[in-house]
Amino acid sequence: MTEHSNPTEPTTEPTTEPASGSATDPTADETYTWTQEEAKGKTSGAGAAATADSVIDSIRDAVGDFAERAAPTVRELSAKAAEIAAVAADRAAPLARKAGEVTADASGKLADKSRT
């Protein structure tokens, strides 16, 4: 029966030493090399910034479109609010005049009492 070796397990087979160096010379696996993961890590910050800028631009465009679409409605609501305020002022004017007359009478009476 043939055993299949697991590639993640260390092998006990002897490895060949490099002919030019001693046992302390680094092998190809021990030297520092630029990997794809490191390259992705360096550019992911720039990619994230570009994505954030893209999202912010999209939001600005959406807000601008919303403002353009909402402008007529806002004008309509403002006109209705002004109309309601005018009607309220017309209805309140007689009450304000009456309150003014009552206040004038009361202050006149108070002035007479304070003189005596």
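A residue is called buried when its relative accessible area is under 20%, exposed when it is over 50%, and partly exposed in between, with a 1.4 Å probe and only protein chains considered. By this definition, buried residues account for 1% of the 116 residues in the chain. The structure is a predicted model, in which local features need pLDDT of at least 70 and side-chain atom pairs count only at pLDDT 80 or more, while totals for chains, interfaces and linings use all residues. Residues are numbered from 1 along each chain as its sequence is written, and side-chain values use heavy atoms, with hydrogens and water left out.

Helix α1 covers residues 36–115. Accessible areas were computed by the Shrake-Rupley method with a 1.4 Å probe, and for residues only the protein chains shown count as cover.

Two salt bridges were found, a salt bridge being a side-chain nitrogen of Lys or Arg within 4 Å of a carboxyl oxygen of Asp or Glu. One of them joins R60 to D57, with 3.5 Å between the closest N and O atoms. These two residues are three residues apart in helix α1, about one helical turn. R60 is exposed at 57% relative accessible area, whereas D57 is partly exposed at 40%.

R115 and D112 also form a salt bridge, with an N to O distance of 3.2 Å. Both residues belong to helix α1 and are three residues apart, about one turn of the helix. R115 is exposed, with 66% relative accessibility, and D112 is partly exposed, with 45%.

V55, I59 and V63 make a nonpolar surface patch of about 260 Å². Patches consist of residues with over 30% relative accessible area and no salt bridge, where like charges are joined within 9 Å and nonpolar side chains (Val, Leu, Ile, Met, Phe, Trp, Tyr) within 5 Å. V63 lies in helix α1.

Note on methods: Helices (H or I, at least four residues) and strands (E, at least two) are DSSP runs, numbered from the N terminus.
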